[in-house]
Amino acid sequence: MAKQATKAKKSSGRSGGSSSSSNKSSNKSSASSATMTSEQNTMLEKFMIDSLKDIYWAEKHLTKALPKFEKAATSQELKQAFQDHLEVTEEQIARLEQIFEIMGKKAQAKKCEAMEGLSKEAETVIEETEKGSKTRDVALIISAQKVEHYEIAAYGGLAQLARTMGMNEVADLLGQTLEEEKETDQLLTQIAENDINLQAEEEGGEEETEE
Ligand SMILES: [Fe+2]
Ligand SMILES: [Fe+2]
């Protein structure tokens with residue numbers, strides 16, 4: 001207790017008990033993009049490049065996973081959604097290559113553990129559900145949405161970071177991909193809501209399995 005009291009005294013001594021203490025923050029804690037040192041900028045740029053390599057790997061990996069999703073799906077609408085997203089993903093890869101070029105870096109992929117894990121999980125889901133069942137479709141939709149949400153988090157964060165660093169062209173390109181991922185996520189929700197969830201529920205009632 002005595003220690004706490006001393007600490008409290010110290011801190012209140014610094015602000016002098018006045019209400020203007022908020023203006024006295026140190027230089028370090030008030031560092032913003034506008035006052036970033038070149039060292040901070042270099043660190044951020046390195047982080048940015050590393051993150052781009054990570055998502056570049058993730059997108060490339062997806063071009064191999066999406067055809068498996070498509071093959072495993074039963075609903076024509078869902079098959080189509082996976083097929084369309086494969087094309088979109090290929091454009092996103094080209095967009096990332098464009099970003100590397102703008103930043104004067106070689107396009108390089110660095111293994112993304114998260115995407116590897118998400119696609120492994122999807123493969124498990126395929127193994128554990130009945131071929132031709134709507135339950136498998138529901139499971140595939142949820143797996144795909146986990147992927148989309150990962151991408152949304154990655155592109156959302158990177159687009160914002162690029163904007164903060166004054167790299168507007170890069171931010172715009174990342175923003176375009178971000179919108180595509182959001183649209184795909186919404187489309188998957190729609191497909192699930194439209195009929196698949198209901199059909200899967202009906203299917204759950206009957207114990208019969210079709211080969
Ligand atoms: Fe993507
Ligand atoms: Fe995606």
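User: What counts as a helix or a strand here, and how many of each are there in the protein chain?

Analyst: Helices are DSSP runs of H or I with at least four residues, and strands are runs of E with at least two. By that rule, this predicted model has six helices and zero strands in its protein chain. Read from the N terminus, the order of elements is α-α-α-α-α-α.

User: How do you know how α2 lies relative to α5?

Analyst: The axes of α2 and α5 cross at roughly 160° and come within 11 Å. That angle makes α2 roughly antiparallel to α5, since the cut-off is 145 degrees. The crossing of α2 and α5 is left-handed. Met48, Ser51, Ile55, Leu62, Phe69 and Ala72 of α2 take part, and their partners in α5 include Arg136, Leu140, Ala144 and Val147.

User: What makes α2 and α4 parallel or antiparallel?

Analyst: Helix α2 covers residues 38-72 and helix α4 covers residues 113-128. Their axes come within 10 Å and cross at roughly 10°. Angles under 35 degrees count as roughly parallel, so α2 and α4 are roughly parallel to each other. Ala58, His61, Ala65, Phe69 and Ala72 of α2 meet Met115, Glu116, Ser119, Ala122 and Ile126 of α4. Seven of the residues in this contact are nonpolar, two are polar and one is charged.

User: What makes a set of residues a nonpolar core, and which members touch the most others in the largest one?

Analyst: The members must be buried nonpolar residues of the listed kinds, joined through C-beta atoms within 7 Å. The largest such core has 39 residues, and Phe69, Leu140, Ile141 and Leu174 touch the most other members. Helices α2, α3, α4, α5 and α6 each supply at least two residues, and α5 gives the most, with 11 residues. In soluble globular proteins, nonpolar side chains tend to be buried together.

User: Which residues does Phe69 touch, leaving aside those up to four places away in sequence?

Analyst: Phe69 touches Phe82, Ala122, Leu140 and Ala144.

User: Why does Thr135 count as buried?

Analyst: A residue is buried if 20 or more other C-beta atoms lie within 10 Å of its own. Thr135 has 20 such neighbours, so Thr135 counts as buried. Thr135 is found in helix α5. The C-alpha atoms of Thr135 and Glu202 are separated by 9.8 Å, although the two residues are 67 apart along the chain.

User: What do the figures for the whole protein chain show about burial and contacts?

Analyst: Of its 211 residues, 27% count as buried. Among contacts between residues at least 6 apart in sequence, 74% join residues at least 24 apart.

Methods: Residues numbered from 1 in each chain as written. Chains lettered and ligands numbered in written order. Predicted model: local features only at pLDDT ≥ 70, side-chain atom pairs only at ≥ 80, totals over all residues. Axes fitted to C-alpha atoms, helices over the stretch in contact; angles between N-to-C directions. Parallel < 35°, antiparallel > 145°, perpendicular 65-115°, else oblique. Contact = placed C-beta atoms within 7 Å. Nonpolar A, V, L, I, M, F, W, Y, C, P; charged D, E, K, R; others polar. Buried ≥ 20, exposed ≤ 12 C-beta atoms within 10 Å, placed from the backbone. Left-handed = near helix turned anticlockwise from the far one by under 90°.
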